[in-house]
Structures are given as C-alpha cells and as structure tokens.
Amino acid sequence: MNTSPTIQSVEAVLVDLPTIRAHKLAMTTMMRQTLVIVRLVCSDGFTGIGEATTIGGLAYGEQSPEGIKSAIDNYLAPLLVGTDAADVNRAMQRVCATVQGNSFAKSAMEIALLDAQGQRLGLPIHALLGGAMRGALPVLWTLASGDATRDVDEALALIEARRHKVFKLKIGSHPLAQDIAHVQAIRRGLGDEVMLTVDVNQAWDEPTAVQGIAALEAIGVGLVEQPVARRNRRALKRLTARFDVAIMADEAVHDAIDAFDLAADAAADVYALKISQAGGLWPTLRAACVADAAGVGIYGGTLLEGSVGSIAAAHVFAACPTLAWGTELFGPLLLKDDIVVQRPAYRDFELQLPQVPGLGVQLDLDKLAFYRRDRASQTFA
Ligand code: MUC
Ligand code: MG
C-alpha cells in the first residue's frame, strides 16, 4: 500500500506591502513590494509555504506577480494536486516537463514543497540541501533613496547599529556625470574604508560603461553589477577583461546553463544568483556549483523578497560551496510591515539562518488577510 502523503491543495495569494521609503532603481522606483505567497497543504497535515517576488511589476523582468499567480493557479497546482508530496525532485521534474519558463512560479512552489518536506523529516531546508556551510550570512544594504545626503545618513546609522557595513548604490538612471558625482558624494560621506558596490541594472551601453567603470575604479568601488544589457554578453566579457574591478553578472545569469556559458566565455568575475531567476533552491545550488567549479565568485542576490523568500534564499546560500561576495538578503528590512509571525533576525552584519525543521517561517494569518490584494473583493463576497 502506498502511504506517501499527497498534495491536497495549493493556493497562491498576492500580497502588497509598503516599503519604508522610495527605493530607486534604474528602471523603476518602488513604493511597495508585491509578494506571491504559496500555501501547499499535504494529506499528512503538513503545510508548506513559498514566495516569489519581482521588482516593479514587469519593469525588472519578464514575469509579473499576477502572471506568477496565474501560472501557479492554472498550471502548476493542477499538475501537482493529488501527487506525492514527499518527492520534491520528481514533483518539480513533472512541472518542468510541462511548463516552459515561469521560473518564479516554479521557485515559489519548490520552496513550499521543501518547507513541508523539512517539517515532515524534522530537518531545516538547508539540511535537505546537503547542510549549511555557514550559520549566518553577511548582508549588504542598498542605498537607493535617490538623495546622497539621506543615503550617507542611512549608511552611518546602519554601521552604528551593526546591521550593514557594505553598501550597494543603484545608478544608471541619470547622465553618467551625475551618477558618478552621486557615488563620489557617498564615498566622501562614508570614507575610504567602507566597501561600496554599484548596480547599473543594464542601463549603460558599452562606451558609457567603459567611461563609467574607469571612473568608479578611481573612486574605489569594489564591485560593478550588470553594467550592460543582459543579452549583451560579448560586451560584458570585454568589460571583465578590460578592468581590474570585479564585474558581476546579475540579469545575465539565471541558471546553471547561463553560469556555464558565461564561465566558458570568462564573461564575469562574480555571479549574483537569485532563487526565482534560477527556478528554485536546487537550481540555484546547481548554478552555484558550476560557478564554484569555474572559479567564479558567488553572491547571494535578491529580488527584494519578503521574509519567506529571503529565508528560503538564506537556506540555499548557506549550503553553497563558497560565498565569497556575501549576500544582499535585506528584502524584509525594506518593508514597513510583514506577514510572518517572527521577522528574520539580523545582527552583527549578518542574517541568522533558522535551525528549525522546514523553512523556519510561519505566516501571520491576520496580517496576510489584511494585506492580501483580494481583501476588498473578499469583504464583498
Ligand atoms: C538587483 O538588480 O540587484 C537587489 C537589491 C536591490 O536593491 O535591488 C535588487 C535587484
Ligand atoms: Mg542587480
């Protein structure tokens, strides 16, 4: 007799949370973040939760929150309901055999399956992934208020509070001279000892990137993220060869195949890996192993996930063979409020990895009911 637990139901909910301040990127300014929260109920009584986010609707990438929910409701859930809940790899293989793309929906679903499976086996997700190499993860903070004086004050307060000591600046939305002046002002305000990185979010063409990166090197910036369009890998490779400062691929590297192709071309020094761009935790780990084998640095990237997604990412980045460039898993700290019972713990410049079975995050169902986008329609139903 087959006693394996089965998946009984899958629900995907859109949740809109306000940010603590405007967050300005090259392609959009965020005032809120939308989480797609997945709840997966199994026949043995375990419930797994997952999450996917993107940035600015369709401004950042090709998958919107509404599209992620639709893919889960209409395609992933019908494929999985009634099937074995405890064989996560086979469940995801079934999904991948039938659903092209949609890596964000796949990631949210895989997290929920792993959460339930971890609770079932009494193991944290990082143990399911082979074990944590580190129990806490260094986390930088992005200074992106749009105002250099405010950014400097914010950074000084965060250093003082021992929350962050590395800062990423979002540039690329202004003329080059203005962006460089902005970086210079922050460097002056924080001094030469503080590690600064920049993220151009694909905004420059190659000639602008050559000028821009030369200027950033002179200011002592430690890392330049995705300076040119994601598909312009040849330009990324030329910039990586030309400059001493480390060049990081972000939008250009989604999964293990991208990781392999970019490494074969020596097109980047570092990869920003993101769980939803990879399609889940296992796919992220596979990409990390390719990077590690190729001698490419690994950086734990974010799409500004909330607490569920950030902790899911923390489990896999804890399990990565190396993590030379730390992480940017600060998403929950950018949100004014949360939908979890206990928010992630940040101390001594690091995010603490939960050591309890599963994901280690519980939803606050009252908060979820308050912030879910369909609350109004539910009230009138
Ligand atoms: C990105 O492109 O890296 C990560 C941090 C942040 O502020 O924006 C994201 C997206
Ligand atoms: Mg980036």
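**Exercise 1.** How many Å from an oxygen atom of ligand 1 does a polar side-chain atom of Asp199 lie?

*Solution.* The model examined here is predicted. Begin with Asp199: a polar atom of its side chain is placed 3.0 Å from an oxygen atom of ligand 1. Next, consider His23, where an N or O atom of the side chain is 2.8 Å from an oxygen atom of the ligand. Finally, turn to Asp250, whose side chain has an N or O atom 3.0 Å from an oxygen atom of ligand 1. Each of these distances can be set against the cut-off of 3.5 Å for a polar contact. Of the 280 Å² of accessible area that ligand 1 has on its own, the protein covers 100%.

**Exercise 2.** Describe the surroundings of ligand 1.

*Solution.* First, count the shell: 16 residues surround the ligand, and the closest are His23, Tyr60, Lys168, Asp199 and Asn201.

**Exercise 3.** Why does ligand 1 lie between domain 1 and domain 2?

*Solution.* Start from the domain assignment, which lists domain 1 (7-122 + 364-373) and domain 2 (128-352). The C-alpha centres of domain 1 and domain 2 are 23 Å apart. In their contact, domain 1 takes part with 39 residues and domain 2 with 47 residues. The shell around ligand 1 receives residues from both domains, and therefore the ligand lies between them.

Key: Residues numbered from 1 in each chain as written. Chains lettered and ligands numbered in written order. Predicted model: local features only at pLDDT ≥ 70, side-chain atom pairs only at ≥ 80, totals over all residues. Heavy atoms only, no water. Near = heavy atom within 4 Å. Polar contact = N/O pair within 3.5 Å; in protein donor to acceptor, adjacent residues only side chain to side chain. Areas by Shrake-Rupley, 256 points an atom, 1.4 Å probe, with all protein chains shown as cover. Domains from an automatic or database assignment. Contact = heavy atoms within 4.5 Å.
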